[in-house]
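Thanks for coming. I will go through one model today, piece by piece, and you can follow along on the screen.

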Amino acid sequence: MDFEPKILGIACNWCTYTGADLAGTTRLKYPQNVRTVRVMCSSRINPSFIIRAFQLGADGVLVGGCHPGDCHYGTGNLYARRKLAVTKKILEFAGMNPKRFRVEWISASEGAKYAQVVEEFTGDVKALGPQTTFKIKKD
Amino acid sequence: MTAMKTIEENLKKEARRLLESGEVAVVIAYGRGFDENHPMPCAITKAEETEGLVFNEYCTFNLARYLPKYPPKTRIAVALKAADSRAVVQLIQEEKVRREDLVLLGIPVTGMKDQKTGETIDNRTTCNMANPVLFDVLLGDEIHGFKGGSPYDVLEKLESMSEDERWAFWEKEFEKCIRCFACRKACPMCYCDPCFMDASRPRWADKSPTPDGHLMYHLTRFYHLAGRCVDCGECSRACPVDIPLYLFHKKVAKECEAMFKQSAGMRIEDKPAMVNYGNQDSDEMLR
């Protein structure tokens, strides 16, 4: 059987989540592997969420936010960019494959971009196989 | 008289002067432990107690750790080595202490010794600086011509490993953890109350020491110290099971310096990197 990755998507309410909605209403086709969680802003994301997702068995984490400068709250995603950049470096140095973590800026009007990013990322994660690095081993 | 003895004499003299004149309410420095090789941090409030102060090569503790515990407007004098002064600068940036409340007694020193092993501390485990970056009074002669080399050379081996090898390395190291929180207790920048590990809602990790809890604790602590860690190496020295935490902290500090063009605790005017953003920030950092 083919490996179907489980991907956690964390999307900002104003841009990426609405963009995902647009992808749906325009009936674009994209893989169903992303489970999306909505947050009010990408800067609300606690890096521990990402570590926890990997521990609970996510094969990849996709974070979506507004384009820098377009944040609903003015500067939220500018902070988020720094936070997520450091998070990525930490994951990488701890031994997680950095390809399993991706941040994309997708605006509310970019439904097609959302579909394309999800397709790309799902393909990447699928190629990497199941994530066992951080996953909690149950005996 | 050796350099250490000179510093000790100057420390006593300065502490006495500050307490007698009422310029400060408390002096935080080093006192005698159960023997000469195990001095302890101590806080004194009376001039006659200054005779009990010591300074020798075993006085490694980062005394900046105790500053946020005092209520604002308490006048404090504190003895600081190079990394310790960086911690104070960082605490001032974070508005945890006020510059006007502090009298900083700078100690220029190299070649400190580890209390546990009695050996000279490998300066690749610390920020490798000799002189404090910020001080009011310097208790010894400024050290010139000290060449430490880059503090990040020690990372080469881990950086050249593949991800799986690195994970194997850290998995083995974190497995030793007994969750005693000595690293958190020793760290001058770990002042959160409650710490995320002590919070019960959400509970990030099991209270009992489990491997996944260790991973969550350490990785999140590395993140919380991103752009703030002053590389004093206290966490690694405090660790009873010798986890080389300094390696990870150094890596995060190195990346932060490369991305945000700013080192922790070097300039009092800086804003901490993680509560700031810059015009030069680009999406390149996310690649």
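The buried residues of α6(B) are covered by, among others, α2 and α3 of chain A, together with α4 (163–175) and α8 of chain B. Please keep in mind that this is a predicted model.

How many of the 14 residues of α6(B) are buried? The count is 11, and the helix is described as mostly covered. The buried ones include Gly213(B), His214(B), Leu215(B) and Met216(B). Further along, Phe222(B) and Tyr223(B) are on that list too. As for length, α6(B) runs 20 Å from its first C-alpha to its last, close to the 20 Å expected at 1.5 Å a residue.

Chain A puts in 27 residues, and chain B puts in 27 residues. On the chain A side, α2 (47–55) and α3 (76–94) each give at least two residues. Which of the elements gives the largest share of that side? It is α3(A), with 14 residues. Sorted by class, the chain A side has 14 nonpolar, seven polar and six charged residues.

Now to chain B by itself. Chain B splits into domain 1, residues 3–138, and domain 2, residues 153–286. Their centres, taken over C-alpha atoms, are 24 Å apart. Where the domains meet, 22 residues of domain 1 are in contact with 22 residues of domain 2. The domain 1 side of that meeting consists of nine nonpolar, six polar and seven charged residues.

Next, the core. The largest nonpolar core has 120 residues, and the members that touch the most others are Val78(B) and Ala79(B). Which helix gives the most to this core? That is α8 of chain B, residues 245–260, with nine residues. Both domains of chain B take part, each with at least three residues. To see what surrounds one of the central names, take Val78(B). Setting aside neighbours within four places in sequence, Val78(B) is in contact with Ile28(B), Leu63(B), Leu67(B), Leu102(B), Leu104(B) and Leu105(B).

Last, some backbone details in the loops of chain B. The loop between α5 (182–186) and α6 (211–224) holds Pro194(B), and Pro202(B) is found in the loop between α5 and α6 as well. What kind of peptide bond joins Asp193(B) and Pro194(B)? It is a cis bond, with omega about -5°. Arg201(B) and Pro202(B) are also joined by a cis peptide bond, and there omega is about 0°.

Then there are the positive phi angles. Lys73(B) is not a glycine, yet its phi is positive, about 75°. Lys73(B) sits in the loop between β2 (40–44) and β3 (76–80). Is Lys73(B) buried or exposed? Lys73(B) counts as exposed, because 9 other C-beta atoms lie within 10 Å, and the cut-off for exposed is 12 or fewer.

Glu95(B) is another non-glycine with a positive phi, about 60°. The loop between α2 (82–93) and β4 (102–106) of chain B is where Glu95(B) is placed. Glu95(B) has 9 C-beta neighbours inside 10 Å, so it counts as exposed.

That is the end of my list. I will take questions now.

Methods: Residues are numbered from 1 along each chain as its sequence is written. Chains are lettered from A and ligands numbered from 1 in the order in which they are written. This is a predicted model: local features need pLDDT of at least 70, side-chain atom pairs count only at pLDDT 80 or more; totals for chains, interfaces and linings use all residues. A nonpolar core is a set of buried Ala, Val, Leu, Ile, Met, Phe, Trp, Tyr and Cys residues joined through C-beta atoms within 7 Å. A residue is buried if 20 or more other C-beta atoms lie within 10 Å of its own, exposed if 12 or fewer, and partly exposed in between; C-beta atoms are placed from the backbone. Helices (H or I, at least four residues) and strands (E, at least two) are DSSP runs, numbered from the N terminus. Domain bounds come from an automatic or database domain assignment. Two residues are in contact if their C-beta atoms, placed from the backbone, lie within 7 Å. Ala, Val, Leu, Ile, Met, Phe, Trp, Tyr, Cys and Pro count as nonpolar, Asp, Glu, Lys and Arg as charged, and the others, Gly among them, as polar. The expected span of a helix is 1.5 Å times one less than its number of residues.
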